[in-house]
Amino acid sequence: TDDNTYQTPVNCASLKVPTVNSAIWAQMSASMRVQELRLQRVLKLVRAGIAAFGKMIQGAPMSGSQQDMLALLCNAYFTINCIWKIAIKPTLNPRFAAFCRSSNIQAPNFLFGEDLLKQVKDLEEEAKIIGLMKTYIPSA
């Protein structure tokens, strides 16, 4: 069985395996691209495992062990996604390292979100605000 046998359920869009944004992919070395494709393959297999589990239970009540199994699979999916981003971090300009935070959860189509340009602008604005806050010295 391959990972295409069990597709992402329609009500689980966040389980869709993203691709690396083309602007970032273009900056990556060939060896980094191979590594990324390997992580994407593992993520697809975990996603297929989650989908197969969902198909197996078909809406029936889950036992405690089944709930644990699903939680562990979902945690593995999230962790691999985070590792994937961390692996790409050295490729990025240090100013944009925030894209690799585990809290930076994006839409399912692209690893770093749909609108990368907007995110870059938002990060630059955030950096300006933080810079202003750090340089302000209150008068006595």
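Which helices are among what covers the buried residues of α2? The tour comes to that at its second stop.

**Before starting**

This is a predicted model, in which local features need pLDDT of at least 70 and side-chain atom pairs count only at pLDDT 80 or more, while totals for chains, interfaces and linings use all residues. Residues are numbered from 1 along each chain as its sequence is written, and side-chain values use heavy atoms, with hydrogens and water left out.

**Stop 1: the whole chain**

Show the protein chain as a cartoon. The chain has four helices and zero strands, and its pattern along the sequence is α-α-α-α. Helices here are DSSP runs of H or I with at least four residues, strands are runs of E with at least two, and both are numbered from the N terminus. Of the 140 residues, 29% count as buried (buried means under 20% relative accessible area, exposed over 50%, partly exposed in between, with a 1.4 Å probe and protein chains only). Among contacts between residues at least 6 apart in sequence, 67% join residues at least 24 apart; a contact means heavy atoms within 4.5 Å.

**Stop 2: helix α2**

Select residues 30-57, which make up α2. Its 28 residues should span 40 Å at 1.5 Å a residue, and its end C-alpha atoms are 41 Å apart, which agrees. The expected span is 1.5 Å times one less than the number of residues. Now colour the buried residues of α2, including Met-32, Leu-39, Leu-43, Val-46, Ile-50, Phe-53 and Ile-57. Glu-36, Gln-40 and Arg-47 are also among the buried residues. What covers the buried residues of α2 includes α1 and α3.

**Stop 3**

Select residues 64-88 for α3, a helix of 25 residues. From its first C-alpha to its last it reaches 36 Å, close to the 36 Å expected. Its buried residues include Tyr-77, Ile-80, Cys-82, Trp-84 and Ile-88. Among what covers them are α1 (22-25) and α2.

Keep α2 and α3 on screen together. Two packed helices are described by the angle between their axes and the distance between the axes. The axes of α2 and α3 come within 10 Å and cross at roughly 165°. That makes α2 roughly antiparallel to α3. Axes are lines fitted to C-alpha atoms, for helices over the stretch in contact, and angles run from 0 to 180 degrees between N-to-C directions. Angles under 35 degrees count as roughly parallel, over 145 as roughly antiparallel, 65 to 115 as roughly perpendicular and the rest as oblique. The crossing of α2 and α3 is left-handed (the near helix is turned anticlockwise from the far one by less than a right angle; clockwise would be right-handed).

**Stop 4: helix α4**

Move to residues 116-135 and show the side chains of Lys-118 and Asp-122, which both lie in α4, four residues apart, about one turn of the helix. A salt bridge is a side-chain nitrogen of Lys or Arg within 4 Å of a carboxyl oxygen of Asp or Glu. A search of the whole structure finds one. Lys-118 counts as partly exposed at 46% relative accessibility, and Asp-122 is partly exposed at 39%.

Next, pick Gln-119, also in α4. Gln-119 counts as buried, at 14% relative accessibility. Its C-alpha and that of Phe-96, 23 residues away along the chain, are separated by 9.3 Å.

**Stop 5: Ser-14**

Finish in the segment before α1, at Ser-14. With 61% relative accessibility, Ser-14 counts as exposed. Ser-14 and Asn-109 are 95 residues apart in sequence and 9.0 Å apart in space, C-alpha to C-alpha.
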